[in-house]
Amino acid sequence: MASRNSRSPVLERLPVLQCPQLRNNNGDPVIRRVLIANRGEIACRVIETCRRIGIISIVVFTDPDEGALYVKQADQAIPLGAIAGPDGNPHLNIGLLVKTALDYQADAIHPGYGYLSENSDFAEAIQKSGMLFLGPSPESMAVLGNKRSAKDYLLQHAPEVPLIPGYNGSDQGIERLLKEADRIEYPVLIKASAGGGGKGMRIVHDRNKFADELARAQSEAERSFGSSDCIIEKYIERSKHIEIQILGDTSGQVVSLLDRECSIQRRHQKVIEEAPSPWLSNELRKAMSKTAIQIGKLLGYVSAGTVEFIVDIDTSRYYFLEVNTRIQVEHPITEETTGTDIVALQIYVASGGSLDALEYFQDGLAPQVGHAIECRLCAEDPSRDFYPDLGTIQRWTPASEIMPKSRDAYSRFDSGIETGSQVSVYFDSLMAKIIVWAPTRSLAVTHMAKVMAHTVCIGVRSNQSFLQSCLLHEKFQDPEYTTSFIPNLMITLVQNPYIKRGEEFQNLLSFIPSMLQRKKTASTSSRRPFARISPAFKNQKMDAANVQASIVRIPALHDKTHLVLWDGEQSVRIIPHTEPESNDAEADMKPSVILARGYNVLSSKLRDVSSLQNVHPHAVTMDILSSKRSTRKDSNAWILDDLSITIDHKRYAAFTACGPQGASEAGSYQEVFVHIPAFGTYIKYHHFSRLSYGESLRGSAKIAAAAVDKSPKATMPCRVLSVLKEEGDMLKIGEIAMVVESMKMEMNILATAEGKFAAKFQKGDAVEEGQVLFTVN
């Protein structure tokens, strides 16, 4: 009889399937050198497999990527020049990429995802050159890579494959498309025929909005995929997005690596995926796999592909959506649950390998063990409709370097960034994919939330906290969640999932920049002359204003400012400080007068001893566990610290990145980022000395004027897509006057005041950050 205390055996991850390296008649490997026609995270991913199986990796890069991680990791890196040269983006230049691969003696080209990965002309050019394409045949890609041709083909050759009601015709006139939308009945979904990834997609609930949404979808489709053609489908409101990973070899065998659930989407782009789908029954899983394999075998599909379906959860009916004829962003969760390396399998089958010879797939299906989840960490601000952000990653420390290794769960980081990486306006906002595997879904969700909270990504706004809100929401625990999860819960999801009073918590932690500087100063100046004299010239002991204090501002809280006042080394009072309000009569006040006025208000507050004593002091401690400089060698290197802090006897881990003192033009403050795992993300602080804070007040008049500026400025480098108003048109507050594009995302520019419109830029113009887009007079 088993012991009452015995535990059932823990489910373990499958070992990774090892594919043999195939050789030619001369005994040499069929593929020795691979050129990766992509960049960023997916380039790093392909490099990893190439390194593991002994293949030389070659990458290409444009000027903005000169210092990128994938460029450093590859065996060879070839510069292609400017990203916006006379011949356009080099990543889209078929002739240039094929010539470069031949010049550097590549045996094969891996296209990654995006760019030319689903371009049949690219695949054909590679094959004609004598190299191998690590993807499907040009013929398969031409048929399946386009939504319209794929559906037409299935209607003719496999009518039993369920298709969602819609219009796939070649007549793209507005009258015909409007007529078809009426026939299908609203709501309808407009989709770019030639692409994916959420580009060129619009949900239309109202006939009156169809023409405008169609124009936006066509514009985005043309820019993203080179074709403005769109299809129209019935939009199923209670639906799931479930896909089947397939793999085919050159002998006609096609197998299924089973399902992925991809229903957590924003702007029709996936942000959280999991495998297997927690809602799908085994019977439905096998039926969908059978349909996916059937589609693959119809065209003799070779390499990795994904057959996507929409599932109506009210009827459990599934409908064919499209085939992605490339490796998917979310492929890691399939690898984790099936014990495969999909990139290695692409290389294996392209070399002529047989899937049957691997003896791994039973009845065309891969084994599937445990549960995996992927979160896409993107440089974007969910609270501003996922507006993209850009800048420098001042600190990247994955949770695997912080958390102890879990006995039951596994985490993986597929990343294209490191400390010091640039998030550029020229590329997609995806920074890293964070993947976990665990024996069960509940363990996977719990572990993913913990890993996300302990991952330090400092320097740009991201969706890190938002992703944790999704994971921990009660409706995510219900397997019936749908593609409407994010739109329906947006108000809740932008709130911090751990700290209910997030603003109070950020205010409370504003002592950290001050205390960290005090500790650093004390440790470096203990041996200097006059070490016992108070710093910052505070030696008039009878003056109540001469106390140890600094000022901390919180940009995310509308520049909320606090006076951090020290009563010894471990007692601090955090006092809200409001700058003196200005009025119209003071608009022309001299900067020196503004400075004196603001500093007098601060000094008066410090001298008001009775009021200060009414503020509750906090007992605080700080231990610096480790400290290092960022990789920059100049005087502007950032300092990265790992801290253990206590606040009123509650202990927190903290991970910081501190910029050089006085690096900013706006008043000589120090930029300090503090990542708190208990908060799930970082907090950005501006730390001033009393003198530097006073100096910053010189710009108050200009800042106040800018706050009421009627002329919208570009918040980042962008390109004007359309100007919707004519010169002299009257604008109302909230009207869309211009549409711009940055980081592959369209953004509407709204009028903030009423008046006559005057454009500063026209369609197609490039705009630098801070430039005025249009004026309202």
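**Exercise 1. Determine which residue R238 forms a salt bridge with, and which parts of the chain the pair ties together.**

Step 1. R238 pairs with D314 in a salt bridge, the closest N and O atoms being 3.0 Å apart. The term stands for a side-chain nitrogen of Lys or Arg within 4 Å of a carboxyl oxygen of Asp or Glu.

Step 2. R238 sits in the loop between β9 (230-234) and β10 (239-248), and D314 in the loop between β13 (303-312) and β14 (317-324), so the pair ties together parts that are 76 residues apart in sequence. Strands are DSSP runs of E with at least two residues, helices are runs of H or I with at least four, and both are numbered from the N terminus.

Step 3. R238 is partly exposed at 38% relative accessibility, whereas D314 is exposed at 54%. Buried means under 20% relative accessible area, exposed over 50%, and partly exposed in between (1.4 Å probe, protein chains only).

The model is predicted: local features need pLDDT of at least 70, side-chain atom pairs count only at pLDDT 80 or more, and totals for chains, interfaces and linings use all residues. Residues are numbered from 1 along each chain as its sequence is written, and side-chain values use heavy atoms, with hydrogens and water left out.

**Exercise 2. Describe the salt bridge between E335 and R412, and decide whether each residue is buried or exposed.**

Step 1. The N to O distance between the side chains of E335 and R412 is 2.8 Å.

Step 2. E335 belongs to helix α10 (residues 331-338) and R412 to strand β20 (residues 410-415), so this pair ties together parts that are 77 residues apart in sequence.

Step 3. E335 is buried, with a relative accessible area of 5%, and R412 is buried at 11%.

Step 4. A network of salt bridges links R13, R45, R52, E335, E336, D341, R412 and D414. The count of salt bridges comes to 49.

**Exercise 3. Find which residues of helix α4 are buried, and what covers them.**

Step 1. Helix α4 covers residues 120-128, and its buried residues include S120, F122, A123 and I126.

Step 2. Seen down the axis of α4, the buried residues fall within an arc of 160°, so they line one face of the helix. The arc is taken from the directions from the helix axis to the C-beta atoms.

Step 3. The cover over these residues includes α3 (94-103), β4 (108-110), β5 (132-133) and α5 (138-144). Contact here means heavy atoms within 4.5 Å.

Step 4. At the start of α4, a side-chain oxygen of N119 reaches to within 2.9 Å of the backbone nitrogen of D121. Just after α4, G130 takes a positive phi of about 95°.

Technical notes. A polar contact is a pair of N or O atoms within 3.5 Å; within protein, one must be able to donate a hydrogen and the other to accept it, and residues adjacent in sequence count only if both atoms are side-chain atoms.
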